[in-house]
Amino acid sequence: LNSLAINEMMVWGKGLSEVVYYEEKLAIYPRIITSNSLIEFFKANILEKEIFDEKYFCLKDTDGLYFFDYINYAELPYAEYILTKGYKEFCEKVKKETDIKVLQKYNWHKQYLRIAKDIFNEYYGEFNPIRWDEET
């Protein structure tokens with residue numbers, strides 16, 4: 001992580017190579033992934049795990065890769081709107097889509113929104129939790 005070379009024409013190093021590899025070979029779903037080594041470096045050297053997770057909202061996906069959770073949970077009306085409207089829209093898109101690759105992305109995003117809803121409800125939903133009918 002600490003070896004990076006930069007000049008007027010190029011940027012190169014192990015970390016950059018990892019990012020390019022992840023983007024080209026592993027980024028199937030609509031998420032911003034980061035290397036496990038970077039996440040582990042931050043957790044071990046900069047912040048305690050709980051502080052890291054709470055501040056940066058990095059989630060570990062089912063394939064073992066970390067990705068950044070883009071919902072800003074502190075923006076309560078906005079977060080509620082994105083979660084509720086977004087989930088409903090993705091349910092409708094899944095019903096109409098026929099391209100299998102697009103369906104994979106839509107279904108991944110629906111699952112992500114379910115997880116984000118649970119995170120939101122854990123932090124802010126004590127009195128007004130987000131609820132929706134689970135559609136398939």
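Visitor: Which residues are buried in H5?

Guide: In H5, the buried residues are Leu103, Tyr106, Trp108, His109, Lys110, Tyr112, Leu113, Arg114, Ala116, Lys117, Ile119 and Phe120. Buried means a relative accessible area under 20%, exposed means over 50%, and partly exposed is in between, with a 1.4 Å probe and protein chains only. Please keep in mind that this is a predicted model, in which local features need pLDDT of at least 70, side-chain atom pairs count only at pLDDT 80 or more, and totals for chains, interfaces and linings use all residues. Residues are numbered from 1 along each chain as its sequence is written, and side-chain values use heavy atoms, with hydrogens and water left out.

Visitor: What covers the buried residues of H5?

Guide: The cover includes strand E4 (58-60), strand E5 (66-68) and helix H4. Helices (H or I, at least four residues) and strands (E, at least two) are DSSP runs, numbered from the N terminus.

Visitor: What makes H4 roughly antiparallel to H5?

Guide: The axes of H4 (residues 76-96) and H5 (residues 100-124) cross at roughly 150° and come within 9 Å. The label roughly antiparallel is for angles over 145 degrees (under 35 is roughly parallel, 65 to 115 roughly perpendicular, the rest oblique), so H4 counts as roughly antiparallel to H5. Here the axes are lines fitted to C-alpha atoms, for helices over the stretch in contact, with angles from 0 to 180 degrees between N-to-C directions.

Visitor: Is the crossing of H4 and H5 left-handed or right-handed?

Guide: This crossing is left-handed. The term applies when the near helix is turned anticlockwise from the far one by less than a right angle, while clockwise would be right-handed.

Visitor: Which residues of H4 meet H5?

Guide: On the H4 side they are Leu76, Ala79, Glu80, Leu83, Gly86, Tyr87, Phe90, Cys91, Lys93 and Val94, and their partners in H5 include Leu103, Tyr106, Leu113 and Phe120. By class, this contact has 13 nonpolar, three polar and five charged residues. Contact means heavy atoms within 4.5 Å. For the classes, Ala, Val, Leu, Ile, Met, Phe, Trp, Tyr, Cys and Pro are nonpolar, Asp, Glu, Lys and Arg are charged, and the others, Gly among them, are polar.

Visitor: How do you know that the span of H5 agrees with its 25 residues?

Guide: At 1.5 Å a residue, H5 should span 36 Å, and its end C-alpha atoms lie 35 Å apart, so the two agree. The expected span is 1.5 Å times one less than the number of residues.

Visitor: Why is Leu76 called partly exposed?

Guide: Leu76 has a relative accessible area of 33%, so it falls in the partly exposed class. Leaving out residues up to four places away in sequence, Leu76 touches Phe120 and Tyr124.
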